[in-house]
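Hi,

Here is the structure I promised to pass on. My notes follow below it.

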Amino acid sequence: MARIVGIDLGTTNSLVAYFDPQTGRPQCIPGPHGSTLCPSVVSLDPDGSIIVGEPARRRLLTQSERSIYSVKRLMGRGPGDVQDELKLFPFRIDPASQNVIRVRLGERVFTPPEISAFILRELKNWAEAHFGEAVERAVITVPAYFNDAQRQATKDAGRIAGLEVLRLVNEPTAAALAYGLHERQRGKVAVYDLGGGTFDISVLKLISTGEGDIYQVLATNGDTHLGGDDIDNLLQAQVREEILRLHQVDFAKSADSVQELRKELIRVKHELSAVDRATLRFPLAGGAVYAREFTRAALDALIAPVVERTMKPVRQALADAQLQPTEMDEVVLVGGTTRTPLIRETVEKFFGRKPHVELNPDEVVALGAAVQADILARGVKNMLLLDVAPLSLGIETYGGAVAKIIPRNSTIPASAQELYTTGVDNQTGIDIHVVQGERELAKDCRSLARFTLKVPPAPAGLPRIEVKFLIDANGILQVAAKDLRTGEQHTVEVQPSYGLNDAEVERMLEESIEYAEQDFAERQLIEARTEAESILTATAKALAAVPDAQLAGGEREKIDANVAALQAAAAGSDYKLVRARIDELNQATTHLAELMMNSALSTALEGRRLAEV
């Protein structure tokens, strides 16, 4: 198999690594500037050429309208989802953008996958220069909490860059691989990964068997819109407000000045990770100078809400894994933002143990991707990665409820299937609506795909439709629907349109807890109404087929009264009352059902007798 590299496509920096068979260790590949870090910045030169990495980062200060950074925060998102970004990031979204965001750099327009592809292509060039041969295959890491749209956007970026993406690996899982914890530790590992724009927490269990090592992800959680950028934004907002108040200088009118200030504030932030005090002196228009001394204590107070935001997913992941913080055997910190002393102190206090920080937090994910690349290249069979689906997947059922087919935190690759039927007589098609989320109703979940399976007309309840979900090792979903009576089948690889509001992912989980009781009640009402509609239809058919003369005295009137009572209950919102009226109608129609059964048997016997004659 051709050489495979591991790539960490990061918000702030990106890296490419490979597994060195001579040393038995993964190594990051340095670029032409000597650093293994490729700034995730892309700039469009006036002559039309694309500049990537360190040269592009320098252009942020002089040609900000032609440059873009932190594009990972836009991957798999729609124009309506980035309005808050525009307040602090100089992204110029093209007005013609619809499902896919289009960013204007100079006079040209690009999508986030295209911009990410420029970064991937640059890393591909680094690897080819290092090996002296073509590199066409890669393992790319993604935040564990990336949804379908974001994963698909990442795969699209790889394809645009001329890379065959063999595997998307969750960043926390890659970090555990990089530390080689399977070689020296059996037990449970928490990986806290806070990068420039995304946060993940994964709880893994490392199992040693007679046939090899198994990495099993027990639970994952996170926020695809939380990272070091948020700390930078807090600092920037505070300082810009102070400069406006003291010097009447509005940075909103100068994109280049915004980038210069951002660069200096990042320097201050980095200094405060090592010392207690750092000074900012920033020249302003007209010869004025803004000067301020920052203390670590003041920075800690400012960023405490950001750090606390990371702990909510941590607690949820542990709850999902049914574990206590003290049950973790190892804790690993990943991402450059984890150099912040307050973060290290918070994590250590929560878990009651010092986290692993031996490896460079900027490189650890890329190193793990290289380990996974080596596993694929060598066809290693004694090491197994069992990741999980971050959100539940299901379909909308009759009445708008959701039938969850693959629950969140299910081990992937995974497959599951359920049988469904029609709800109306003589339906000629069944609409399959695939959704993702934790709520009980489809309207509260994220729509992934819709398609229609044709079925021959038949009485309601007769068709048998098998819906099968398959999630591959990349977390990409495939859905198949099959009519078991006719063999008619429809398969779709779910490639959701970009445009998910990342806050929806957090909201799905938060609201699933907050509204659990309300959701369950709504679902029970929908199910009760559906059953009521079914029994009312069956009763009407039976009354039409059985002559009144066969019914006992007053029986028809009693059935009619119960039908009216059930119809009235179904129009209301008390599911318990609907259930009670269903039971009453069932009791009232017991004799009617017997007559229907006798009639059906008589018809069948008569048909058989005539056939024999």
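Ile-231, Leu-234, Leu-235 and Gln-238 in helix H6 meet Leu-299, Leu-302, Ile-303 and Val-306 in H8. Contact here means heavy atoms within 4.5 Å. Helices (H or I, at least four residues) and strands (E, at least two) are DSSP runs, numbered from the N terminus.

This is a predicted model: local features need pLDDT of at least 70, side-chain atom pairs count only at pLDDT 80 or more, and totals for chains, interfaces and linings use all residues. Residues are numbered from 1 along each chain as its sequence is written, and side-chain values use heavy atoms, with hydrogens and water left out.

H6 spans residues 228-247 and packs on H8 at about 130°, with the axes 10 Å apart. Axes are lines fitted to C-alpha atoms, for helices over the stretch in contact; angles run from 0 to 180 degrees between N-to-C directions.

Buried means under 20% relative accessible area (1.4 Å probe, protein chains only).

Leaving aside neighbours within four places in sequence, Val-314 contacts Tyr-192, Phe-199, Ile-201, Phe-350 and Phe-351.

In H9 (341-351), the buried residues include Leu-342, Val-347 and Phe-351. H9's buried residues pack against S12, H8 and S17. Just after H9, Gly-352 has a positive phi of about 70°.

Best wishes

Methods: Buried means under 20% relative accessible area, exposed over 50%, partly exposed in between (1.4 Å probe, protein chains only).
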